[in-house]
Amino acid sequence: MKFSIESEELKEALESLQVKGKHLSGSGFTNSTIGQYAYLSLSENQLTLYNGDATFIVSITLEVTGTKDGEVVLDSHTVLPYLKSFDGPVAITVNDYITVSIGSKKASIPLVVNHPNETVLERAKNLLNHVSYQPQPETLFTFGKSKFEGAFTLPQKVFQDSLRNCELVKSGVYKLDYNDNLTTFSTRTNVQNKYSQTIEPMFNLGGSATIEFSGPLYAFFKKDQLLNFYSKDEFPLLIVSDDRMLLKAPYINGE
């Protein structure tokens with residue numbers, strides 16, 4: 001596997017794949033990530049990066065200068081310090097180890113044998129390989145044997161502002177209600193401590209849906225992106241932008 005890419009572009013992608021922020025876990029509502037490992041797949045000049053687990057899948061697709069197709073799993077914590085130090089286009093070569101080079105600088109990094117959730121990522125790739133970004137949602141995509149029933153578009157900043165206010169309640173669980181061409185994000189710990197915000201999306205498609213989810217989903221996307229949300233009652237939430245995709249399992253019965 002061999003390709004070249006701007007160091008800043010790959011750095012941003014690897015950082016985004018970790019989805020840093022307030023997550024709900026067994027230890028409570030705390031700052032964490034979905035993991036430091038990234039699975040990279042190169043086909044000609046298209047590099048797709050994946051991370052995730054059984055409840056949370058993310059992917060980013062970048063245009064690169066590809067020389068040799070292939071796949072590799074890397075530890076972002078090991079690679080990122082070099083990308084922050086190397087300014088400009090870097091060459092990534094994978095043989096018995098990973099080489100990151102620019103000019104006279106060359107770093108050798110150990111391979112990771114397998115992504116901790118590689119089987120889950122492979123399954124998600126197959127289920128989502130037909131999904132693409134549409135400037136205005138026109139298709140309700142299938143996922144497995146079912147189909148999303150509604151779609152709408154929000155700017156990343158609007159989604160981020162709404163969810164950040166929800167985070168102040170500290171429940172860690174958020175409800176998305178898409179109904180009558182309006183979207184409401186809400187959360188509560190009790191009658192006195194709650195927050196809700198209703199937003200008119202830029203575009204709408206299909207019917208209503210209600211989903212509960214957790215996690216700082218906004219943190220995965222760039223601040224200037226438009227996000228297409230695909231929804232269905234008690235079904236995974238799919239969010240697609242022009243270069244990335246997120247799939248989050250619904251929060252059901254405390255899980």
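Me: Let's start with terms: buried means under 20% relative accessible area, exposed over 50%, and partly exposed in between (1.4 Å probe, protein chains only). Which of these is Glu234?

Reply: Glu234 counts as exposed, because its relative accessibility is 62%. One caution: this is a predicted model, where local features need pLDDT of at least 70, side-chain atom pairs count only at pLDDT 80 or more, and totals for chains, interfaces and linings use all residues. Residues are numbered from 1 along each chain as its sequence is written, and side-chain values use heavy atoms, with hydrogens and water left out.

Me: Thanks! Where is Glu234 in the fold?

Reply: Glu234 is in the loop between strand S20 (226-231) and strand S21 (237-240). Helices (H or I, at least four residues) and strands (E, at least two) are DSSP runs, numbered from the N terminus.

Me: Which surface patch is it part of?

Reply: A negative one, formed by Glu149, Glu212, Asp233 and Glu234. Patch members have over 30% relative accessible area and no salt bridge, with like charges joined within 9 Å. Asp and Glu count as negative, Lys and Arg as positive, and His and the chain ends are not counted.

Me: Switching to aromatics, how many pairs are there?

Reply: There are 13 aromatic pairs. Rings of Phe, Tyr and Trp (its six-membered ring) pair if their centres lie within 6.5 Å; planes under 30 degrees apart count as stacked, over 60 as edge-to-face and the rest as tilted.

Me: And what is the geometry of Phe148 with Phe235?

Reply: The ring centres are 5.2 Å apart and the planes stand at 80°, so this pair is edge-to-face. Phe148 sits in the loop between strand S13 (146-147) and strand S14 (150-155), and Phe235 in the loop between S20 and S21, so the pair ties together parts 87 residues apart in sequence.

Me: Are those two buried or exposed?

Reply: Phe148 and Phe235 are both buried. They also belong to one aromatic cluster with Phe141, Phe143 and Tyr230.

Me: OK, electrostatics. How many salt bridges?

Reply: The count is 8 salt bridges, each being a side-chain nitrogen of Lys or Arg within 4 Å of a carboxyl oxygen of Asp or Glu.

Me: What does Glu12 pair with?

Reply: Glu12 forms a salt bridge with Arg244, with the closest N and O atoms 3.1 Å apart. That links distant parts of the chain, as Glu12 is in helix H1 and Arg244 in strand S22 (residues 244-248), 232 residues apart. Glu12 is partly exposed at 22% relative accessibility, while Arg244 is buried at 2%.

Me: Which network are they in?

Reply: A network of salt bridges links Glu8, Lys11, Glu15 and Lys84.

Note on methods. Patches are made of residues with over 30% relative accessible area and no salt bridge: like charges are joined within 9 Å, nonpolar side chains (Val, Leu, Ile, Met, Phe, Trp, Tyr) within 5 Å. Accessible areas come from the Shrake-Rupley method with a 1.4 Å probe; for residues, only the protein chains shown count as cover. The place of a charge is taken as NZ of Lys, CZ of Arg, CG of Asp or CD of Glu.
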